[in-house]
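Let us walk through this structure together, one neighbourhood at a time.

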Amino acid sequence: MQVSLDNTGKASFDDIYDRPDPSAYYRRMADLDYCIPELAKPHFERIIADRRAAIGAAPTVLDIGCSYGVNAALLRLDTTVAELAEHYREGDTAARIARDRARLAAADPEPGVRFIGMDAAAPALSYAAEAGLLDDVVHADLEAADPTEPQRRLLATADLVISTGCVGYVTDRTLLRVARAHGTRLPWMAHFVLRMFDFEPIAKQLADLGYRIEQVPGTFRQRRFASEAEQTQVLNTLSANGIDPTGMEADGWLHAQLHLCIPEDRPTTDEDRP
């Protein structure tokens with residue numbers, strides 16, 4: 001299959017975000033051994049637990065670039081990308097929604113945690129909400145404009161903001177708008193960022209807002225390259241940025257790093273909530 005490249009040099013998968021359900025998405029991702037949500041899962045579980053302890057209640061988690069509620073699905077259904085590819089293989093959209101809702105009703109490893117998804121792909125958000133994977137959604141492109149007032153109020157409820165690959169497509173414009181949504185309280189953040197994208201300029205601006213930034217040691221595989229052209233383009237980008245791809249991108253895998261952004265402020269109280 002011929003895969004086109006987007007303006008970042010990565011393979012474009014725009015065609016699989018406008019479907020009524022995630023069956024095509026998970027099949028394509030499974031074919032590429034897309035695994036970063038699985039590698040991110042234990043880190044998200046730990047920081048969700050830490051946030052719960054810090055505020056004394058189940059947190060609200062905002063997933064930026066959530067598509068079909070992928071991170072929420074892995075956390076709430078205790079599953080994998082490969083398993084979801086099989087799970088969505090049979091039935092129509094209505095049947096898939098019913099199966100997801102039934103699985104959530106049977107067991108949810110993150111009871112009480114509220115998941116909000118933000119994405120520019122309306123069909124993906126709609127499915128995730130209908131299936132119950134997301135408790136609420138924000139259909140917005142914060143690269144282009146400020147959130148509307150209803151969107152801002154919803155973003156302001158986030159205790160923790162996560163992402164697994166959208167930074168690079170979204171920039172400081174989106175992350176700062178999310179961080180400032182509440183006005184007096186900063187959410188915790190955990191972003192998995194591909195090595196081809198420089199997080200340092202964003203980190204500096206977040207630090208100016210009052211965040212302490214920590215890069216977790218090591219790297220995390222995202223997926224295999226979709227084509228030789230994609231690998232070549234990414235290797236060229238890494239080389240231009242002085243980043244050695246040996247043992248990582250040179251071996252056929254996109255790699256990401258985890259950046260934790262924790263505000264150095266007072267603990268959250270009920271008065272801080274919008």
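**A polar pair and its surroundings**

A polar contact of 2.6 Å links the side chains of R223 and E230; such a contact is a pair of N or O atoms within 3.5 Å, where within protein one must be able to donate a hydrogen and the other to accept it, and residues adjacent in sequence count only if both atoms are side-chain atoms. Please bear in mind that this is a predicted model, in which local features need pLDDT of at least 70 and side-chain atom pairs count only at pLDDT 80 or more, while totals for chains, interfaces and linings use all residues. Residues are numbered from 1 along each chain as its sequence is written, and side-chain values use heavy atoms, with hydrogens and water left out.

R223 itself sits in strand β7 (residues 220-224). Helices (H or I, at least four residues) and strands (E, at least two) are DSSP runs, numbered from the N terminus. Is R223 buried or exposed? R223 counts as buried because its relative accessibility is 2%; the cut-offs are under 20% relative accessible area for buried, over 50% for exposed and partly exposed in between, with a 1.4 Å probe and protein chains only. Not counting residues up to four places away in sequence, R223 touches several residues, among them K10, F13, Y34 and W253, where contact means heavy atoms within 4.5 Å.

Now look at E228, which lies in helix α10 (residues 228-240). E228 is exposed, with a relative accessible area of 68%. Its C-alpha atom is 8.9 Å from that of G252, 24 residues apart along the chain.

Next, move to strand β2 (114-119), where you will find M118. M118 counts as buried, at 4% relative accessibility. Leaving aside neighbours within four places in sequence, its contacts include L62, I64, L142, T174 and V178. M118 and L142 are 24 residues apart in sequence, with 9.7 Å between their C-alpha atoms.

T174 and V178 also bring us to helix α8 (residues 172-179), where they are among the buried residues. The buried residues of α8 pack against β1, β2, β4 (160-164), β5 (188-194), α9 (200-209) and β6 (211-215). In strand β1 you can pick out T60, which is buried at 9% relative accessibility.

What about the largest nonpolar core? It has 86 residues, and those with the most contacts inside it are Y26, L62 and F199; a nonpolar core is a set of buried Ala, Val, Leu, Ile, Met, Phe, Trp, Tyr and Cys residues joined through side-chain atoms within 4.5 Å. Y26 touches V70 and A73, among others, and both of these are buried residues of α3. Eight of the eight residues of α3 are buried, so this helix is largely enclosed by the rest of the structure. After α3 comes D78, with a positive phi near 50°.

Finally, visit the largest pocket. Its lining takes at least two residues from each of α1 (23-31), β1 (60-64), α3 (70-77), β2 and β7. Of its 34 lining residues, Y17, G65, D119, C166 and Y169 lie nearest its centre. On a 1 Å grid over the protein atoms alone, a pocket is an open set of points where a 1.4 Å probe fits, with protein on both sides within 12 Å along at least five of seven lines, and lining residues have an atom within 4 Å of a point.
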